[in-house]
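Dear colleague,

I am handing over the structure below, followed by what was found in it. Please read the notes with the structure open beside you.

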Amino acid sequence: MSEEHIQRVRDAVQLGMASFEAAERALDPEALVRHFAETTDFYMHNDGVRLSRDQIVAGVTQAFPTLRSLEGGFTGLQIHVLGPDGALATALFEETMTTLDGTVVRQSGAATWLWRQLPGDWRIVYGHVDHYPVQDSGAP
């Protein structure tokens, strides 16, 4: 692959990650799940639990309407081009979720997404994410 093609793949996946993050912050479940490939072999590990695409869609669709806001995002995004139609995106994240009743949940962790160029667009075909609670420092 030429450096130019590598950069095109990297740019496409970076745009996909930005779109993914924007869908989360907008609490738009339809926009978020459009990033996941509709293939029979799609799955992700979420805190050590293997989930199918249908399970992820159900979880996001149920959870987003209970939230007032979801803030924060990815840091240290790295995109590793694996070939002309594949790339691995890795990042750390920190986010704050506020529910409709005002409960605030802060969490951080790491995420890995395997992106593939499929007919029509780049989509996530595998994911792995681990969430850890962020402890308040006690400072005002």
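The buried residues of helix α3 pack against α2 (29-33), β1 and β2, where contact means heavy atoms within 4.5 Å, and where helices (H or I, at least four residues) and strands (E, at least two) are DSSP runs numbered from the N terminus. This is a predicted model, in which local features need pLDDT of at least 70 and side-chain atom pairs count only at pLDDT 80 or more, while totals for chains, interfaces and linings use all residues. Residues are numbered from 1 along each chain as its sequence is written, and side-chain values use heavy atoms, with hydrogens and water left out.

In α3, the buried residues are Arg53, Ile56 and Val60 (buried is under 20% relative accessible area, exposed over 50%, partly exposed in between, with a 1.4 Å probe and protein chains only). Seen down the axis of α3, its buried residues fall within an arc of 60°, so they line one face of the helix; the arc is that of the directions from the helix axis to the C-beta atoms. Asp54 and Gln62, on the other side of α3, are exposed.

As for the sheet, it is open and has 6 strands in the order β2-β1-β6-β5-β4-β3, with mixed pairing (two strands pair if DSSP finds at least two bridges between them). Its edge strands, each pairing on one side only, are β2 (49-52) and β3 (67-83). Strands β5 (residues 104-118) and β6 (residues 121-133) pair in the antiparallel sense over 12 bridges, and Ser108 has Tyr132 in β6 as its bridge partner.

Best regards
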